[in-house]
Amino acid sequence: MSGTSEGPTPAADLIRPTVTESDAARPPGTDPVAAAAVERAVAPTAPAPCGTGPAELLPALGLTPMAEPAPAAPRFTVLAESAPTAVMDLLGPAPAGTAPDPIPGSTQDTGAERPFRSAFSAAPLAMAVVDEEGLVVSANETFGALLGTAPDELTGRPAADLVDLASDARTRHAYDEVLRGRQARMRCARRLKHPHGHRLWVQVTVAPLTPGSPGVLLSVTDISARRELQARLRHLKNHDPVTRLPNRTLFFERLSAALETEPYEGGGSGRVGLCYLDLDGFKAVNDTLGHRIGDRLLAAVAERLTRCADAAGHGRTSTPLVARLGGDEFALLVEDSTGTEQLAELAESVLSALQEPFEVAGRRLSVSASIGVVERHAAGSSATALMQAADTTLYWAKADGKARWTLFDPERNAHRMTRQALVSTLRAAVERGEFALEYQPLVGMEDGRLRGVEALVRWRHPEFGTLTPNRFIALAEEDGSIVPLGRWILGTACHQARRWQLDHPDEPPIFVSVNVAVRQVWDSDLVSDVAEVLAETGLAPHLLQLELTESAVMGSAGRPLEALRSLNDMGVHIAIDDFGTGYSNLAYLSRLPVSALKLDGSFVRGFQHEEPEGAASRPSPADEVIVEAMIQLAHRLGLTVTAECVETSDQASRLRRIGCDTGQGWLYSRPVSPDRISELLGGRV
C-alpha cells in the first residue's frame, strides 16, 4: 500500500484529547461503532475475570508492560471524538490489586484475553497497534482489507509508510511526538493509493494505548465518500446549473487571487484582463419563447465561449476562465495578460463565434453581444474597481450601438464620474441655492431696441465652478430634479421681470422667456405653477414666454397638449425653440397653441460659407432661401420669429432684410446679470 499526501496537514487536524477522571459509563460524543465493540467485549454474557486489563494484554500484542505506579491511579475514561479513543478505554488501566490473566498465544494462555482480542480483530474500524519504534505489532482484519493486504503481512512494517505520515515534515513531526509520548493524539486526512489502482481518502488517528505505556493505537477511517460528497457540494456551490460554468462566487475568488499574485511571480506578466459581455436580444427570446428555450440558448452560448477561451489559451501558460455572472451576463478572465491586443483578439473571436445562429429546439435563434474590455496591471487594482470599469465599458458598448466591444477609456470614465457626481448633488443644490440666472437680450431687428430676455440658468458648483445648462439640464431631466429646478427658474425669472417693470415705469415692459422641459409638463402641474407665480409676482401673462424644444412640442398629445392650450388661454406665449432641427412637421403649427418660432442657430451660421484661411466668406443662398421661407410661413400663421446665434452685423442685416422680427446672439450681448439688463432698457442694444 502506498500513499500520497494531500499537502501540509491543517492545524485543525492535529488535536489534543480531553481527559477527565470518571467512573461513569460511555460519555456523550463517543463513537457508537467503537463503543459497540467495547460493549460486546464486556457484555454480561461473557464476563472477563476481575483484574483483566491492558497490562495483561500488552504481552499478547508484543509489548512490554511498564511497572504499575503505587498507589493505584483511578480508572480514566477518555471522552472520545473518534473511535480509537473508545478502544483506548477498553485497554485502559485495571483497578489496583488485580492479577494479570494469561493471553492467547502465550505460555500462560487461559483464554481470558479472548474477548479483548476478538473485539480488536472483529471491529469494523481499521486499527493497528504500533510500538514505540513506529512498527506495526498487530493489525485487525478491517485494517488489512482497507489497505488491500493481509493483516499478518503488515506486522513489522513502518506504520508511517502504510498511511503516508512521512510525506511532509509537519505531519511526521506530530506523529513522532505522539510515539514519544510528548503529544496526546494526532489526527489528519491522507490520500492513499490502493493496490488495486484506485485512490481513497482516509482519516488517520494516532493515540497512546494507555498513558505512560509504550506504543500507540493507529486507526484509519475511509472518508472517500464524504470527500466526494464535499467535492460535489463545492462544485454545485461554485458552478452555474444551467451552463455548468463557474458562477459569480468562483469567478470573484479567481479574480481576487489573480489580483493578489505578486508581479512577475512564476514568470507571469503581472497584468490581468477581463471581457465582460451581455447578450443583445436575449430578453426577447426569454419573453417570447419561455425560460426553457432561454436556458438552452444560454447553455449553447456557454459552449461557444468555452471554445473561444480554449483557442485563446492554446500555446499560452493559462486558458481564460469563462464564467456566467447571472442572467445573460458572462465574463472571460485572462490572468497574466500580455496587453490590450490579447483582449481585443479575444473579444473579436467571441463576437465572431456568436454571429452564427443557434439551433435550439428546432428553432434558429440569433443573438449578439456587447463586450466591455478592461486590461491593466494587477498591482494596485481591486476586484470591485475592475468590475466597475468593466461594467462601465459594457454600458458604453451598448450605448455605441451594441454588437461590439469597447475598450476602457480613463478620460471617458473621468467624464462619467463627473457626470455621476453632478447627478448625486443636483437635488441638494436646488435646496442649497447654488443656482443663479443670467439673461440674454432679445433685440428687435428693425429698431435695435430690447424687446425681451431669455432666462438662462447657471450652476455655481462648489467644486467644478460655474456650469452652463448643457452640463446639467439633461441630467436633471433624467432624475426628475428638473421639476423643482424648473419651478425655481420660473419664479425667479418672473420676479425679476416684474422688478424691471417697476424700476422702469416709463419704458415699455419687456417679456421674459423661460425654457420648459417636457418632463415638467408630465411630472408637475405646470399650469397651476404658472398661475401661482403670475399671481404672486403681479406679472402680466403676455410678458411670460415659455420655450419648449421642437421635438417636445411636436410629440405633444394628451396632457402636454392640454397644458399648452390652457397656458395659451391664460395669455402666456408659447415658443418653439431650435425650430428646424427636429421633426419640422409643419402640420403641427396649425394645431398647436404656438405664438413664436426660434430658428436654430445652424441656419444663421449657414448664411456664410466657411472658406479656407485668409479667404473671405461668401453667403449661402440655399440657407437664406430656407430661412426666408420659414419666416414668411410663420408670419402667414401669425407667429413671430426670433433668430438665434446672431454673431455678425452682416447676419443681422440679411435677417432684417428677409423680415425676421427679433435676434439673439453675441452681436448684441452675451448672457448678463439683471443689473446689466437694467442698463440696456431705454436704449439701443
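These are my notebook entries on a predicted model of one protein.

**Ground rules.** I number residues from 1 along each chain as its sequence is written, and I leave out hydrogens and water, with side-chain values resting on heavy atoms. As the model is predicted, local features need pLDDT of at least 70 and side-chain atom pairs count only at pLDDT 80 or more, while totals for chains, interfaces and linings use all residues.

**Overall.** I looked up the secondary structure and found 26 helices and 24 strands. These are DSSP runs numbered from the N terminus: helices are H or I with at least four residues, strands are E with at least two. The protein has 685 residues, and 47% of them are buried. Buried means under 20% relative accessible area, exposed over 50%, and partly exposed in between, with a 1.4 Å probe and protein chains only. I then turned to contacts (heavy atoms within 4.5 Å). Among those with a separation of 6 or more, 65% join residues 24 or more positions apart.

**Helix H4.** I checked residues 114-122, which form H4, and its buried residues are Phe116, Ala119 and Phe120. Seen down the axis of H4, they fall within an arc of 95°, so they line one face of the helix. The arc is taken from the directions from the helix axis to the C-beta atoms.

**H10 against H14.** I paired H10 (residues 248-260) with H14 (residues 383-399); their axes come within 10 Å and cross at roughly 115°. That makes H10 roughly perpendicular to H14, a label covering 65 to 115 degrees. Axes are lines fitted to C-alpha atoms, for helices over the stretch in contact, and angles run from 0 to 180 degrees between N-to-C directions. From H10, Phe251, Phe252, Leu255, Ser256 and Leu259 meet Ala383, Leu386 and Met387 of H14. By class I get seven nonpolar residues, one polar and no charged.

**Met570.** I found Met570 in helix H21 (residues 559-570). Its relative accessibility is 27%, so Met570 counts as partly exposed. Beyond its neighbours within four places in sequence, Met570 touches Val527, Val530, Ala531, Leu534 and Pro541.

**Positive phi.** Most residues other than glycine have a negative phi. Arg244 has a positive phi of about 65°. I place Arg244 in the loop between helix H9 (224-238) and H10. Arg244 is exposed, at 68% relative accessibility. Ala361 also has a positive phi, near 55°. Ala361 lies in the loop between strand E12 (358-360) and strand E13 (363-365). Ala361 is partly exposed, at 37% relative accessibility.

Definitions and conventions. Parallel < 35°, antiparallel > 145°, perpendicular 65-115°, else oblique. Nonpolar A, V, L, I, M, F, W, Y, C, P; charged D, E, K, R; others polar.
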